[in-house]
Amino acid sequence: MSTNQQTHSGFSRWMQHKMNARMNRKIRGGNGTFMGMDVLILHTVGRRSGEPRQTPISWFSDGGDGWLLVASGGKNGDPDWFRNLMAHPEHATIELPGDQPVPVTPRVLTGGERASAWAAITTAAPRYGKYQDKAGREYAVVRLTT
């Protein structure tokens, strides 16, 4: 049984890499939407490997000149991109459709700031509220600024 799980895990990781690479090509080509949401490429450094990582991820306006990201998913809690981002925030950059990467500073929102951002996010994309309810935990909301 564990052999099947390892094979499935390996296949899932391979498929995710292929899908991410395809989405990254679309974003670099100027198409920055997926399932009706805006998408950017988040550049991080692997927290254990130190290797560069590029993750396509949906984003929401913060009402100013920043971007909001939701740390949803992840097999055992937070997704890898979030863990990498928080481990090495000084290496974070983003790539918007058709643009060059720009350095950003991440900050996890808390309290009223998070509540206000979460209300805006779930108004724009109600599915995130449903995902969080099913997860049984509060997703981190990250504000990226230049």
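Predicted model: local features only at pLDDT ≥ 70, side-chain atom pairs only at ≥ 80, totals over all residues.
Residues are numbered from 1 along each chain as its sequence is written, and side-chain values use heavy atoms, with hydrogens and water left out. Local features need pLDDT of at least 70, side-chain atom pairs count only at pLDDT 80 or more, and totals for chains, interfaces and linings use all residues.

Rings of Phe, Tyr and Trp (its six-membered ring) were paired if their centres lie within 6.5 Å, with planes under 30 degrees apart taken as stacked, over 60 as edge-to-face and the rest as tilted. By this rule the count comes to five aromatic pairs. Phe60 and Tyr128 form an edge-to-face pair, at 5.6 Å centre to centre and with 85° between the planes. Because Phe60 belongs to strand 4 (residues 60-61) and Tyr128 to helix 4 (residues 127-135), this pair ties together parts that are 68 residues apart in sequence; helices (H or I, at least four residues) and strands (E, at least two) are DSSP runs, numbered from the N terminus. Phe60 is buried, with a relative accessible area of 9%, and Tyr128 likewise counts as buried at 7%, where buried means under 20% relative accessible area, exposed over 50% and partly exposed in between (1.4 Å probe, protein chains only). Ring pairs also link Phe60, Tyr128 and Tyr131 into a cluster.

In helix 1 (residues 2-28) lies Arg25, which counts as exposed at 56% relative accessibility.
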